[in-house]
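Good morning, everyone, and thank you for making time for this. Please keep the sequence and the structure in view while I talk, and look for each residue as I name it.

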Amino acid sequence: MAKATVQYVCSSCGAKAPQMLGRCPVCGEWGTYEEEIIQRSGPTAKRSFSASGQPKRLQDVEATEEMRLDMHNGELNRVLGGGLVPGSLVLLGGEPGIGKSTLALQVLMQQGERKTFYASGEESVRQLKLRAERLAGDAENLYISSETSLERILEQVKEIEPEIVVIDSIQTIGTEAIEASIGSLSQVRECAARILEFAKTRNIPFFIIGHINKEGSLAGPKVLEHIVDTVLQFEGDQQYMYRILRAQKNRFGSTSELGIYEMQQNGLREVSNPSELLLSTAREGLSGIAIAAAVEGARPFLIEVQALVSSAAYGTPQRSSTGFDGRRLNMLLAVLEKRVGFKLLQKDVFLNIAGGLRVQDPAIDLAVLAAVLSSNMDIALDAGTCLCGEVGLAGEIRPVNRIEQRIQEAQKLGFRRILIPAEQVERLNRSHKPGIEVVPVKKVTDAFRLLIKKD
Ligand code: TYD
Ligand code: MG
């Protein structure tokens, strides 16, 4: 019989300790340590991945493009890096209720004749059937089972021989190989490791679904991230219907790609032109709104930045930001005060990115400031103008990446004018004439002058 010892592992960062700790010395989180039983021998210890161990000269290695399975779902293909790699293990994480099960089931239902298998430890076969009935797709060859034992699930996979497997969720299944309770860190890790080995030896791709907690990390998190090939994060605001799928880690592709879906009555609809969705139609004449030409991943889209500036009712003015980094907002407001001479000390400032989107692209800085300015002066900005530019501490407009794509997207959506960082104008490809007026701006003040000029 294998000899078992105990260690303690931080469920937030994966740090290990020989005894229980109240606070993790590595990541600083409180109360995150969990007991973990380690088996000294057994499958874990013997695991080996080097099948063809002989070293080769790099020159002699033939590298062909990875084969990819087309998922018949453009957004998912994009985020995976051009389709699913056979034998790969993909973790699909997200908060409860965001739509992970829906996405996974729907994707399997879109596979046509391809044989697929959905094993759920969360729902009964009947519940799965009910869910499937809401979704589009004919699911000719989709097998489902309600099962919590990993061993039995893998037996079923051997029997069915599917081309794609989904396990929903990693926190609700357990292996008999270790005694830890289902959902514990050691179970989650052991199951994932076994699934990985199974996926690699049989060349079957697996999606495993994992819940994340409020803080946004996967339960049993970092450990799992190291095991799997790809980590996809499904996110979005519960109130909004948009869902964003992003790769947090991808051994087979870039992590900057973004997939956008809309949750509807009959499942998730792919949003291939996000700009149209994210821009509200009735913004003409409203103050506090500015349109930014943003890029997430390799994809440009236009987003609506909304600001509300009002007199602070209480002593300390409030600063609140949704979808945009709060510290960055504070920095930008300081620039407004210092470089433009705006007095915002006695004002509450609320900022919101429409559609429940979270944007990291610094190129939306200029639109953020323009929205704040517009609200503060209660003057609507020209609805045919959009903006892009990072704002520096001196109030200067700094260059942004993929400028030509941004201009194109703005033009495609019918904007008449786009303000861009001055120094990038010279480097623009002169040969093609964009059907949009491109206006260079050097400083925030230049931009403001242009934006509120009455014509
Ligand atoms: P679900 O996939 O169960 O979330 P998760 O697996 O991430 O916990 O999604 C649940 C939500 O999606 C639920 O509130 C109902 C909603 N929903 C729709 O709006 N349309 C649909 O077609 C389906 C199946 C679910
Ligand atoms: Mg679910």
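Let me begin with a term: a polar contact is a pair of N or O atoms within 3.5 Å, where, within protein, one atom must be able to donate a hydrogen and the other to accept it. Please also keep in mind that what you see is a predicted model.

With that term in hand, we can turn to N250, which lies in strand β10, residues 242-250. A polar atom of the N250 side chain lies 3.1 Å from the backbone oxygen of L80, and the side chain of N250 also reaches the backbone nitrogen of G253, in this case at 3.5 Å. Is N250 buried or exposed? Its relative accessible area is 11%, and because anything under 20% is called buried, N250 is placed in the buried class. If we set aside the neighbours within four places in sequence, the residues in contact with N250 are V79, L80, G81, D229, T230 and T255.

How many strands does the open sheet have, and in what order do they come? There are nine, in the order β6-β5-β7-β8-β4-β9-β10-β11-β12, and the pairing is mixed. The edge strands, each of which pairs on one side only, are β6, residues 142-146, and β12, residues 267-270. From one strand to the next, the twist averages 25 degrees.

An example of parallel pairing in this sheet is that of strand β7, residues 164-168, with strand β8, residues 206-211, which share four bridges. There, D168 stands opposite I209 in β8. Helix α6, residues 185-202, packs on the sheet, where it touches β4, β7 and β8, and its direction makes about 165 degrees with that of β8. S169 itself is found in the loop between β7 and α6.

Next come the helices. Helix α4 lies across β5 and β6, and it runs at about 140 degrees to β6. A pair of packed helices is described by the angle between the axes and the distance between the axes. For helix α3, residues 100-109, and helix α4, residues 125-134, the axes come within 10 Å and cross at roughly 70 degrees, and the two helices are therefore roughly perpendicular to each other. Where they meet, α3 contributes S101, T102, L105 and M109, while α4 contributes L128, R131 and A132; sorted by class, this contact has four nonpolar, two polar and one charged residues.

At 1% relative accessibility, V391 is counted as buried, and its contacts beyond four places in sequence include M331, L332, V335, L366, L369 and V444. V391 and V368 are 23 residues apart in sequence, and their C-alpha atoms are 9.8 Å apart in space.

Finally, I have two details of the backbone for you to find. H72, in the loop between α1 and α2, has a phi near 55 degrees, which is a positive value in a residue other than glycine; H72 is partly exposed, at a relative accessible area of 41%. D378, in the loop between α10 and β17, likewise has a positive phi near 55 degrees, and D378 counts as exposed, with a relative accessibility of 58%.

Note on methods:
Residues are numbered from 1 along each chain as its sequence is written. Chains are lettered from A and ligands numbered from 1 in the order in which they are written. This is a predicted model: local features need pLDDT of at least 70, side-chain atom pairs count only at pLDDT 80 or more; totals for chains, interfaces and linings use all residues. Side-chain values use heavy atoms; hydrogens and water are left out. Axes are lines fitted to C-alpha atoms, for helices over the stretch in contact, and angles run from 0 to 180 degrees between N-to-C directions. Angles under 35 degrees count as roughly parallel, over 145 as roughly antiparallel, 65 to 115 as roughly perpendicular and the rest as oblique. Contact means heavy atoms within 4.5 Å. Ala, Val, Leu, Ile, Met, Phe, Trp, Tyr, Cys and Pro count as nonpolar, Asp, Glu, Lys and Arg as charged, and the others, Gly among them, as polar. Buried means under 20% relative accessible area, exposed over 50%, partly exposed in between (1.4 Å probe, protein chains only). Two strands pair if DSSP finds at least two bridges between them.
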